[in-house]
Amino acid sequence: MTQRRTSGQMRRPALTGRARRVVGMALGLALCAVVPACGLQSANAFIAPADPGRIKPVPALNGVEVTVGSKNFTEQLILGKMAETIFQVMGADVEDKTNLAGSVATRQAQLSRDVDMAWEYTGTAWITYMGHTQPIPGRIPQWRAVAKEDLRENHIVWLKPAPMNNTYAFATPVETQKKLGITKLSQLKQLPVSERTFCVESEFYSRSDGFKPMLEKYGMQLGKDVPRSNVTVLDTGVVYSVTDKGGVCNFGEVFTTDGRILALNLAVLKDDRQFFPLYNVAANFDQAFIEKYPQVRKYFEMVSKEITTQTMLRLNAKVDVDGADPALVARDWLREKGFVS
C-alpha cells in the first residue's frame, strides 16, 4: 500500500515498518556494498508517455540516459513513475530502476551512483541514514539540515521538499469524531478515560519514540490516564479496518498519505504539539548530474511544490483502492496540473 521509507519497510502490506534502527541500516548498506546491483530490479518498466506542457524539452538532455530509482511501495512507485515521465518529456532516455527492495537498496543505489535520482523523505534521512535521534521541527529547517549534511558527506543534492508529509498520525471514523468533538491530539486528555481507546501496531507500541512518549507529550501516562486495557496491539495493516469498524478502539495509528484514510473515510487528528517527525519527500540527485543539467532543478521543484499530503492520499488511493497503474496515475496527475499534455 503506501509504505514508507526505511529498511524494515515502513508501510504495511505496502506500508511497512519504518525500521529506524541505524545499526541495521548500516549493516544493510555494508552488505549491499559488496553485492553487485543489490536489489536493482524493476517489476514494471512501463513509463506512461506524455507531451510537453509547462515542462519543456531540455536540449542538453536529448538522448542522455537517466536512471530513476524508487522504493517498493505504492507512493514511491507513483513518485518514481512521475519522475520518469518528466525526464522523458525533457528528452532523456530513461532507465527504470523503480521498485527497489526497500530503503537500504535505494540508498545504496544512490550512494554508488547506480541511479541518478530518487525521491527520499527528510525524516528517513535524518534519523535512519544519518543517525540523529532528535528530529528538527519545521519542514524547511529539517530539509536544510538534511541537505547540508548529505551534500557534504555524500555529494547528494536535495531539491526543495514537497509540502506532503508522510508521517505517523492517529485517525478516527468521521462519525466518532463528530460524536466526541475532537480534531487534535491535545483534546484526547479531555475525553472520558473510557473513550481513550487505541489500536496500534506492535513496533509503534514498544518503540522508545512511539506510543508511550506520544501520550506523555500530550500530558497522559500509559497505565494511568490510558489504561493498558484500552490499547489493542495489532498486526501491521489491520489497524485501519479495525479502527473503521469501531467497537475495539476509537483511534487508530495511521500514516498520513495512506489511501485507506480516504477509502474508509477516516478523520486524521492534528498533531498540534508536533510530536511526530516530519517526513517530507524531496527529489534527490547526484551532485555532478544536477550541476551538469541545472534545468532539471527548475522543473522538479515546480512539480514538488504541488505534491501535498491530500494529493498523495488521492493518488495512493487510486492505486491501492481502485487498482490503477502507478505510471498512469502519475502521468494523469501531471496532465491534470498542466505539467505535461
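Threonine 256 sits in the loop that links β8 (251–255) to α11 (260–263), where helices (H or I, at least four residues) and strands (E, at least two) are DSSP runs numbered from the N terminus. The model is a predicted one, in which local features need pLDDT of at least 70 and side-chain atom pairs count only at pLDDT 80 or more, while totals for chains, interfaces and linings use all residues. Residues are numbered from 1 along each chain as its sequence is written, and side-chain values use heavy atoms, with hydrogens and water left out.

With a relative accessible area of 12%, threonine 256 is buried; buried means under 20% relative accessible area, exposed over 50%, and partly exposed in between (1.4 Å probe, protein chains only). A polar atom of the threonine 256 side chain lies 2.4 Å from the backbone oxygen of asparagine 165, and the side chain of threonine 256 also reaches the backbone nitrogen of threonine 167 at 2.9 Å. A polar contact here is a pair of N or O atoms within 3.5 Å; within protein, one must be able to donate a hydrogen and the other to accept it, and residues adjacent in sequence count only if both atoms are side-chain atoms.

Threonine 98 is placed in the loop between β2 (93–97) and α4 (102–111) and counts as buried at 1% relative accessibility. Its side chain makes a polar contact with the side chain of aspartate 96 at 2.9 Å.

The chain as a whole has 15 helices and 10 strands, and buried residues make up 58% of its 341 residues. The largest nonpolar core has 60 residues, of which Phe87 and Phe300 touch the most other members; such a core is a set of buried Ala, Val, Leu, Ile, Met, Phe, Trp, Tyr and Cys residues joined through side-chain atoms within 4.5 Å. Helix α3 (residues 74–90) gives the most to this core, with 8 residues. A second, separate core of 30 residues includes Phe198, Phe255, Phe276 and Leu313.

The axes of α3 and helix α14 (residues 309–320) come within 9 Å and cross at roughly 105 degrees, the axes being lines fitted to C-alpha atoms, for helices over the stretch in contact, with angles running from 0 to 180 degrees between N-to-C directions. That makes α3 roughly perpendicular to α14, a term for angles of 65 to 115 degrees. Thr74, Glu75, Ile78, Leu79 and Met82 in α3 meet Met312, Leu315, Asn316, Val319 and Asp320 in α14, contact meaning heavy atoms within 4.5 Å.

Arginine 113 is found in the loop between α4 and β3 (117–121), whereas histidine 155 is in the loop between α6 (139–154) and β4 (156–158). Most residues other than glycine have a negative phi.

Lysine 337 belongs to the segment after α15 (326–336) and is partly exposed, with a relative accessible area of 29%. Leaving aside neighbours within four places in sequence, lysine 337 is in contact with Arg54 and Glu306. The C-alpha atoms of lysine 337 and valine 303, which are 34 residues apart along the chain, are separated by 8.8 Å.

Terms used: Parallel < 35°, antiparallel > 145°, perpendicular 65-115°, else oblique.
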